[in-house]
Amino acid sequence: MKIGLVRHFKVITPKINKRLNSSEFNSEMNNYDSSPIKPNDIQINQSDWDVCYASTLLRADETAKSIFGGEIISTDMLIEVPLTSFMRTNLFLPNILWHVGGRIAWFFSSATQRENISETKMRINNFMQLLENSGKKNILIVSDGFFMKVFAHQLKKKGFMGTIDFTPKNGKLYLFEKQTFTIQTTNDS
């Protein structure tokens with residue numbers, strides 16, 4: 001089985017303040033989800049793929065339609081791991097601190113996040129079960145960066161080989177393959 005992961009095209013957002021309070025950060029995350037994308041020159045050979053699954057988020061859906069002309073199945077199972085402020089405060093903290101703090105809160109299953117690490121892994125495992133039952137062997141997936149990192153880790157745990165950048169690049173194809181072996185028996189009479 002071959003799985004191709006593509007992170008959505010770059011999102012075009014207005015200049016974000018470098019320091020935000022918790023409600024401003026949450027607002028920026030909501031704005032990101034509805035912002036337009038800027039396509040790049042990625043070339044996907046449609047004949048290499050049986051089907052494309054895409055996140056239902058606008059950025060992934062539009063990327064999938066731009067790079068793949070075959071069957072595209074949109075699913076919430078591939079949406080980005082939701083990110084919200086890890087605490088409520090009027091203090092203005094650096095944007096990067098909100099991002100890192102939110103992902104740490106996710107890892108430790110903090111109630112401040114809409115989804116925790118166990119729920120994300122369960123969603124991925126359910127999706128992988130869907131893929132295994134689909135009968136498709138060459139599957140293209142368009143999703144988001146952090147989700148793709150967690151997904152790639154789960155693929156490796158299932159025996160897939162491949163690599164992904166620490167920060168997945170927008171509009172780049174990452175390949176993962178799992179070899180299946182058949183044992184042939186001979187009758188020596």
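The buried residues of helix H5 are covered by elements that include strand E1 (2–7), H3, H4, strand E8 (138–143) and strand E10 (173–177). Buried here means under 20% relative accessible area, exposed over 50%, and partly exposed in between, with a 1.4 Å probe and protein chains only; contact means heavy atoms within 4.5 Å. Helices (H or I, at least four residues) and strands (E, at least two) are DSSP runs, numbered from the N terminus. The model is predicted, so that local features need pLDDT of at least 70 and side-chain atom pairs count only at pLDDT 80 or more, while totals for chains, interfaces and linings use all residues. Residues are numbered from 1 along each chain as its sequence is written, and side-chain values use heavy atoms, with hydrogens and water left out.

The buried positions of H5 are Gly 145, Phe 147, Met 148, Val 150, Phe 151, Ala 152, Gln 154 and Leu 155. H5 comprises 13 residues and spans 19 Å from first to last C-alpha, close to the 18 Å expected at 1.5 Å a residue; the expected span is 1.5 Å times one less than the number of residues. Just after H5, Gly 159 adopts a positive phi of about 95°.

Helix H3 also has 13 residues, and the distance from its first C-alpha to its last is 19 Å, close to the expected 18 Å. In H3, the buried residues are Asn 95, Trp 98, Gly 101, Gly 102, Arg 103, Ala 105 and Trp 106. These residues pack against strand E3 (19–20), H1, strand E7 (93–94), H4 and H5. Ser 109, which follows H3, has a positive phi near 55°.

Thr 120 lies in helix H4 (residues 117–134) and is buried, at a relative accessible area of 0%. Apart from neighbours within four places in sequence, Thr 120 contacts Val 81, Trp 106, Glu 115 and Val 150.

Seven aromatic pairs are found in the whole structure. Rings of Phe, Tyr and Trp (its six-membered ring) pair if their centres lie within 6.5 Å; planes under 30 degrees apart count as stacked, over 60 as edge-to-face and the rest as tilted. Tyr 53 and Phe 127 form an edge-to-face pair, with 5.3 Å centre to centre and 85° between the planes. This pair joins distant parts of the chain, with Tyr 53 in strand E5 (residues 51–55) and Phe 127 in helix H4, 74 residues apart. Tyr 53 is buried at 6% relative accessibility, and Phe 127 is buried at 1%. Trp 106 and Phe 146 form another edge-to-face pair, 5.0 Å centre to centre with 85° between the planes. Here too distant parts of the chain are linked, Trp 106 being in helix H3 and Phe 146 in helix H5, 40 residues apart. Trp 106 is buried, with a relative accessible area of 5%, whereas Phe 146 is partly exposed at 24%. Ring pairs also join Tyr 53, Phe 127, Phe 147 and Phe 151 into a cluster.

Grid points are joined across faces, edges and corners, and a volume is the space filled by probe spheres set on the points. The largest pocket holds about 1,100 Å³. Its lining has 36 residues, of which Arg 7, Glu 80, His 99, Arg 103 and Phe 146 lie nearest the centre. Strand E2 (10–11), helix H1 (22–33), helix H3 (95–107) and helix H5 (145–157) each give two or more residues to this lining, and H1 gives the largest share, six residues. The lining of the largest pocket divides into 15 nonpolar, ten polar and eleven charged residues. In this division, Ala, Val, Leu, Ile, Met, Phe, Trp, Tyr, Cys and Pro count as nonpolar, Asp, Glu, Lys and Arg as charged, and the others, Gly among them, as polar.

One cavity of 30 Å³ or more is present.

Conventions
1 Å grid on protein atoms, 1.4 Å probe; cavity = no way out; pocket = protein on both sides within 12 Å on 5 of 7 lines; lining within 4 Å.
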